[in-house]
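Here's a quick briefing for anyone opening this structure for the first time. Have a look at it below, then read on.

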Amino acid sequence: MTTEQKNIDQRELLKKVISDEINWRDALNIITSLKKPWHTKEWKEQRKILLASQCENCGTSTPPLVLQHTWHPTPIYKLFYKAQKKYEDEWLSWKQSHTIEVDTSSLLPDMDGCPKCGSTTIRYRKTAQTWICVSKPKGITCGNVFDAPIRVVSYEAIRNLEKAADQNLHDAFHEAFGIGKKVTITALEHNIRYLSLKDTKTFCKRCAFVEDKTNMVLCNICKNKYHSKKYDRCSSCAGKDTPENLEVN
Ligand SMILES: [Zn+2]
Ligand SMILES: [Zn+2]
Ligand SMILES: [Zn+2]
């Protein structure tokens, strides 16, 4: 799919989701498997065009200058969380009337385990050339010593099956209440806005770092030091020495 990926037009995808030409689940799968936009050729070219000759924060023209996003798409799980909040009562009754059924009988043994208790927490002892079970459910160690393990269904395999069943339950609920489609549309709108590079600024490395990693802003008076948003100027400009100052080189 890698060669096709960059040709996915998210505007087209959005239209298809709105008109129900494509299921929101499939659309979400496409979006989440897309490669990061800044790895694409289009993105790199756009960046060259939009990059200004000086930092829009401190005014320096000393390279390297970078294009920084001032707005980011909301993570999809947060969109779901927000959308589902309005349906709290519906969700509770949905969970009660739709029990999760996990059929582990279809699972095939995928790991070595203890012949006595079936746990996969076992250890081979080189010197004795035997296995020992070190599983400790409820504080009591199994301690079974054996020559050869048996094949068992691992806890992870069961857990994965449970996770899938849980996801199906959520999917069905999101489908029934239009949440899935709504979230997918918002996610696509966010992606399209992000990809447009409309919300970007040219920053020098120093200002980009401060913007990214701290909650500081550049002092408007000296245009050199950064200070907490609580204050209107850095401590040097305020004529006092406080630890609120941040100097980045
Ligand atoms: Zn700067
Ligand atoms: Zn055991
Ligand atoms: Zn200052």
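Let's start with a spacing pattern: in sequence, the residues that donate to the zinc ion (ligand 2) are set out as C-x2-C-x15-C-x8-C. Donors here are N, O and S atoms within 2.8 Å of the metal (3.2 Å for Na, K and Ca), and as water is not among the atoms, sites may look incomplete. Keep in mind that this is a predicted model, where local features need pLDDT of at least 70 and side-chain atom pairs count only at pLDDT 80 or more, while totals for chains, interfaces and linings use all residues. Residues are numbered from 1 along each chain as its sequence is written, chains are lettered from A and ligands numbered from 1 in the order in which they are written, and side-chain values use heavy atoms, with hydrogens and water left out.

**Zinc ion (ligand 2)**

- The SG atoms of Cys 114, Cys 117, Cys 133 and Cys 142 coordinate the zinc ion (ligand 2), at 2.3 to 2.4 Å.
- Cys 114 sits in the loop between strand 2 (111-113) and strand 3 (122-125), and Cys 142 in the loop between strand 4 (130-133) and strand 5 (145-146), so the pair ties together parts 28 residues apart in sequence. Helices (H or I, at least four residues) and strands (E, at least two) are DSSP runs, numbered from the N terminus.
- The site of the zinc ion (ligand 2) is tetrahedral because its four donor atoms subtend angles of 101 to 118 degrees. Four donors count as tetrahedral if all angles lie between 85 and 135 degrees.
- For reference, the ideal angle for four tetrahedral donors is 109.5 degrees.
- Cys 114 is buried, at a relative accessible area of 0%. Buried means under 20% relative accessible area, exposed over 50%, and partly exposed in between (1.4 Å probe, protein chains only).

- Two of them link distant parts of the chain: Cys 58 is in the loop between helix 4 (41-50) and strand 1 (65-69), and Cys 204 is in strand 7 (residues 200-204), 146 residues apart.
- Cys 204 is buried, with a relative accessible area of 6%.

**Zinc ion (ligand 3)**

- The zinc ion (ligand 3) is held by the SG atoms of Cys 219, Cys 222, Cys 234 and Cys 237, at 2.2 to 2.3 Å.
- The spacing of the donors of the zinc ion (ligand 3) is C-x2-C-x11-C-x2-C, and the site is tetrahedral, with angles of 104 to 114 degrees.
- Buried or partly exposed? Cys 219 is buried, at 0% relative accessibility, while Cys 237 is partly exposed, at 25%.

**Lys 223**

- Lys 223 lies in the loop between strand 8 and strand 9 and is partly exposed, at 41% relative accessibility.
- Not counting residues up to four places away in sequence, Lys 223 touches Asn 57, Cys 58 and Leu 218. Contact means heavy atoms within 4.5 Å.
- From Lys 223 to Cys 234 is eleven residues in sequence and 9.5 Å in space, C-alpha to C-alpha.

**Nonpolar cores**

- The largest nonpolar core has 21 residues, and those with the most contacts inside it are Leu 13, Val 17, Ile 31, Phe 80, Ile 179, Val 183 and Leu 188. Such a core is a set of buried Ala, Val, Leu, Ile, Met, Phe, Trp, Tyr and Cys residues joined through side-chain atoms within 4.5 Å.
- Elements giving two or more residues to this core include helix 2 (10-18), helix 7 (155-176) and helix 8 (179-195), and helix 8 gives the most, with six residues.
- A second, separate core has ten residues, among them Leu 65, Cys 204, Met 216 and Leu 218.

**Asp 171**

- Asp 171 belongs to helix 7 and is buried, at 14% relative accessibility.
- Leaving aside neighbours within four places in sequence, Asp 171 is in contact with Trp 24 and Arg 25.

Technical notes:
Tetrahedral: all angles 85-135°; square planar, octahedral: opposite > 155°, others 65-115°.
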